[in-house]
Protein chains: 4
Amino acid sequence: MDFTAQDIDYAERVKGSFDRQPFMKYIGAELFAVRPGYCEIHVGYKKELTQQHGYFHAGVIGTLADNAAGYAAYTLMSADSSVLTVEYKLNLMSPGEGEKLIARSEVLKYGKTLTICRSDIYVIKSGPNGYREEKICAVAQVTLIELKNQQDG
Amino acid sequence: MDFTAQDIDYAERVKGSFDRQPFMKYIGAELFAVRPGYCEIHVGYKKELTQQHGYFHAGVIGTLADNAAGYAAYTLMSADSSVLTVEYKLNLMSPGEGEKLIARSEVLKYGKTLTICRSDIYVIKSGPNGYREEKICAVAQVTLIELKNQQDG
Amino acid sequence: MDFTAQDIDYAERVKGSFDRQPFMKYIGAELFAVRPGYCEIHVGYKKELTQQHGYFHAGVIGTLADNAAGYAAYTLMSADSSVLTVEYKLNLMSPGEGEKLIARSEVLKYGKTLTICRSDIYVIKSGPNGYREEKICAVAQVTLIELKNQQDG
Amino acid sequence: MDFTAQDIDYAERVKGSFDRQPFMKYIGAELFAVRPGYCEIHVGYKKELTQQHGYFHAGVIGTLADNAAGYAAYTLMSADSSVLTVEYKLNLMSPGEGEKLIARSEVLKYGKTLTICRSDIYVIKSGPNGYREEKICAVAQVTLIELKNQQDG
């Protein structure tokens with residue numbers, strides 16, 4: 001869907017908020033792309049982010065699914081609003097086996113109070129021939145609320 | 001509900017799996033209690049686990065909700081099974097503001113293939129009078145699958 | 001949890017709204033009990049409500065899970081508010097095999113804008129010895145929104 | 001996504017199962033289209049399917065979201081399998097105001113045991129100029145299980 005941001009400085013605002021989240025830094029997350037109604041976050045592999053099989057931990061996958069949705073929604077909000085996740089639901093479809101996790105989230109509906117997003121999470125793996133393969137590993141539906149007149153952070 | 005574990009060494013098996021998850025160590029999670037059909041995980045506050053307001057990040061809350069459910073389910077499984085999360089849904093009800101997060105999960109149904117758990121996540125905060133207050137901050141429903149004849153980790 | 005209704009006529013208000021839902025009548029639903037933060041709805045078996053095995057259709061189960069939550073939340077709202085379901089998540093745990101479906105929903109959190117409820121759905125079946133057995137067949141988490149100054153129906 | 005059905009008679013099998021669901025007939029649902037990994041179900045407006053504002057009841061919307069997913073998944077299963085919904089999560093985004101509900105569901109992942117589907121539910125309304133407008137009113141993620149060697153109905 002095509003959205004227009006009401007705050008022309010939305011990208012800066014999103015980046016500012018992202019940078020104020022110590023947990024994003026701790027897991028090595030990078031705010032890769034942002035545009036009205038869309039956000040993409042990347043996380044590179046490191047041993048500390050894995051579960052017992054050496055794959056990305058579901059907790060990291062869920063973190064990205066939620067955070068990408070939050071910032072996709074936040075692009076559309078007023079300059080003086082902050083955003084909170086109300087709830088999300090995540091289906092894990094394949095193991096998070098690879099070198100990088102990519103969460104792409106888009107707004108399905110931006111409402112007066114609530115915003116609904118869909119997040120797709122991919123894992124990137126180098127194939128035997130040297131090509132990188134992107135495989136979907138999880139999908140989420142996320143509900144967010146806009147808190148008006150509340151500074152973020 | 002009351003459950004009986006089919007594997008008498010379930011607690012050791014759960015602990016072994018938990019200890020093989022580098023991400024649990026990275027966030028400082030402690031497997032606090034485990035009994036048939038139940039698991040409790042604690043995480044103490046540290047700056048690295050927070051979002052922009054200084055509260056526990058939703059990603060940490062979701063990680064605990066999912067992981068506690070996985071191990072609650074795992075207590076009931078056969079010795080030679082491993083457990084995977086199929087999906088979960090998390091409602092964030094209050095900010096994760098406090099010194100410690102506690103996730104308590106119990107099995108609602110242990111089925112031949114699938115297990116359903118409910119996780120409640122609490123945040124512990126010292127009140128003005130020195131007492132510790134426990135407040136529920138999130139609830140989750142989690143679906144898990146038992147993979148028979150598959151070693152964990 | 002114990003809640004106090006801000007509108008002393010909450011029971012009447014809930015009943016009025018329930019009675020204005022033609023679909024509730026069509027499936028034969030009965031508003032069985034209501035108290036602050038709680039609602040219970042019953043539906044008796046009829047062939048028209050079944051799926052291919054003769055059990056209650058998941059659509060009926062989901063309808064009750066959602067509706068009971070809506071009215072549990074509605075008991076706590078102001079006299080001039082209406083209630084809308086934002087989203088729900090339902091786990092079907094056992095077949096809906098029996099003579100009656102019972103949905104019991106309670107409010108987990110009543111917030112300024114959003115309310116979170118948990119619904120348990122049971123099926124009642126007469127056992128071989130003539131006793132009625134109640135078995136849980138589904139659980140749900142439901143998020144609702146209070147629309148202030150909006151008449152219901 | 002493109003899928004191939006392993007059972008060439010999948011369409012007949014789906015139709016047979018759909019026709020054995022009395023609840024589908026009761027709400028006037030029509031199995032409109034089916035192809036490998038996809039199913040579309042329509043329901044025309046009738047007063048009996050509404051809530052207090054005269055719109056399609058959320059219970060009907062949820063029923064379609066779930067059922068369309070079940071049959072999208074069922075197209076890909078073996079001839080001697082039956083399908084059950086494990087769980088679903090539904091976001092209601094706009095009122096179900098219109099003359100017809102359309103649920104379109106597609107398989108995101110067909111696994112050995114579990115299948116994940118995404119359902120979009122639209123409502124059709126005649127605009128002032130006589131054109132029909134299609135508006136998305138709900139989205140769902142659905143998890144289904146394949147029960148092998150079990151006859152449907």
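# Briefing: contacts, symmetry and strand pairing in a predicted model

Between chain B and chain D the count of salt bridges is zero, a salt bridge being a side-chain nitrogen of Lys or Arg within 4 Å of a carboxyl oxygen of Asp or Glu. The model is predicted, with local features needing pLDDT of at least 70, side-chain atom pairs counting only at pLDDT 80 or more, and totals for chains, interfaces and linings using all residues. Residues are numbered from 1 along each chain as its sequence is written, chains are lettered from A and ligands numbered from 1 in the order in which they are written, and side-chain values use heavy atoms, with hydrogens and water left out.

**Chain B with chain D**

- Six residues from chain B and six residues from chain D make the contact, where contact means heavy atoms within 4.5 Å.
- About 500 Å² is buried between chain B and chain D, and carbon and sulfur atoms give 81% of this area. Buried area is the accessible area (1.4 Å probe) that two parts lose on being put together, summed over both.
- On the chain B side, Val86(B), Glu87(B) and Leu114(B) lose the most area to chain D, together 55% of what that side buries.
- Chain B superposes on chain D by a rotation of 180° with 0.0 Å of shift along its axis, at an RMSD of 0.0 Å. Copies are superposed by least squares on the C-alpha atoms of residues with pLDDT of at least 70 in both.
- Lys89(B) has the C-alpha nearest this axis in chain B, 4.1 Å from it.
- The copies meet through the same surface, because 100% of the interface residues of chain B are also interface residues in chain D.

**Helix α1 of chain B**

- Helix α1 (residues 10–19) of chain B has the buried residues Tyr10(B), Arg13(B), Val14(B), Ser17(B) and Phe18(B). These residues cover an arc of only 135° around the axis, which puts them on the same side of α1(B); the arc is that of the directions from the helix axis to the C-beta atoms.
- Buried means under 20% relative accessible area, exposed over 50%, and partly exposed in between (1.4 Å probe, protein chains only).
- Exposed Glu12(B) and Asp19(B) lie on the face of α1(B) turned away from its buried side.
- The cover over the buried residues of α1(B) includes α2 (22–26), β1 (29–35), β2 (38–44) and α3 (58–74) of chain B. Helices (H or I, at least four residues) and strands (E, at least two) are DSSP runs, numbered from the N terminus.

**Strands of chain C**

- Strands β2 (residues 38–44) and β4 (residues 100–110) of chain C pair in the antiparallel sense over seven bridges, and Val43(C) stands opposite Leu101(C) in β4(C). Two strands pair if DSSP finds at least two bridges between them.
- β4(C) and strand β5 (residues 114–126) of chain C run antiparallel, joined by 10 bridges, with Glu106(C) opposite Arg118(C) in β5(C).
- A hairpin of three residues joins β4(C) to β5(C).
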